[in-house]
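Please open the model in your viewer and keep the selection tool at hand.

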Amino acid sequence: NMITIEELKNYRYLQMQAQAIQEQIRQMYFPISSPPIGQIGTKSNIPGDPTRQAFYRIEKLNQELQEKVEEIAVQMKRILDWVDTIDNPEIQIIVRWHFMNGLSWKDTARKIYSTSDSDSCRVKFYRYFNQKCKSVR
């Protein structure tokens, strides 16, 4: 079953969201400097000491992270099953580096072609995809 470009992009964003949440959690444990009160959630939210409030936020973030990780696992399986059906190994590796591993087009090009000419990767991917879409229709 065909995966859309939209789904591939969303998978990348999912991974980025998970990383952002992990970073938020890390900063709750190691606050660099105390942020302005307004940022951490207003005092009126939860009664009690700030440590309990921080703990509550960390719990909430952990829960959110867990949901993202589960969603990533489901999407990853679908995408990997699809990647195996791609008849072009070059496109397979572009998909793996750019969408699965979250590399930029520039870094993907560097990995595969030892050049930072990101257009080569992007163009090849979209050209392949557009031909496939036409043949699918």
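## Two helix contacts in a predicted model

In this predicted model, begin by selecting helix H1 (residues 5-29) together with H3, which pack at an angle of about 40° with their axes 9 Å apart. Because angles under 35 degrees count as roughly parallel and 65 to 115 as roughly perpendicular, H1 is oblique to H3. To display the contact itself, select Leu 8, Lys 9, Tyr 11, Arg 12 and Gln 15 on the H1 side, and Val 95, His 98, Phe 99 and Met 100 on the H3 side. Coloured by class, this contact of H1 with H3 shows 5 nonpolar, 2 polar and 2 charged residues.

Stay with H1 and select its buried residues, which are Ile 5, Leu 8, Tyr 11, Arg 12, Leu 14, Gln 15, Ala 18, Ile 21, Ile 25 and Met 28. A distance between the end C-alpha atoms of H1 gives 37 Å, which agrees with the 36 Å that its 25 residues should span at 1.5 Å a residue.

Next, select helix H3 (residues 89-100) and helix H4 (residues 105-113), whose axes lie 9 Å apart and which pack at an angle of about 135°. That angle makes H3 oblique to H4, and H3 passes H4 in a right-handed crossing. For the side chains involved, show Glu 90, Ile 93, Ile 94, Trp 97, His 98 and Phe 99 in H3, which meet Trp 105, Thr 108, Lys 111, Ile 112 and Tyr 113 in H4. By class, the contact of H3 with H4 comprises 7 nonpolar, 2 polar and 2 charged residues.

Note on methods. Residues are numbered from 1 along each chain as its sequence is written. This is a predicted model: local features need pLDDT of at least 70, side-chain atom pairs count only at pLDDT 80 or more; totals for chains, interfaces and linings use all residues. Side-chain values use heavy atoms; hydrogens and water are left out. Axes are lines fitted to C-alpha atoms, for helices over the stretch in contact, and angles run from 0 to 180 degrees between N-to-C directions. Helices (H or I, at least four residues) and strands (E, at least two) are DSSP runs, numbered from the N terminus. Angles under 35 degrees count as roughly parallel, over 145 as roughly antiparallel, 65 to 115 as roughly perpendicular and the rest as oblique. A crossing is left-handed if the near helix is turned anticlockwise from the far one by less than a right angle, and right-handed if clockwise. Contact means heavy atoms within 4.5 Å. Ala, Val, Leu, Ile, Met, Phe, Trp, Tyr, Cys and Pro count as nonpolar, Asp, Glu, Lys and Arg as charged, and the others, Gly among them, as polar. The expected span of a helix is 1.5 Å times one less than its number of residues. Buried means under 20% relative accessible area, exposed over 50%, partly exposed in between (1.4 Å probe, protein chains only).
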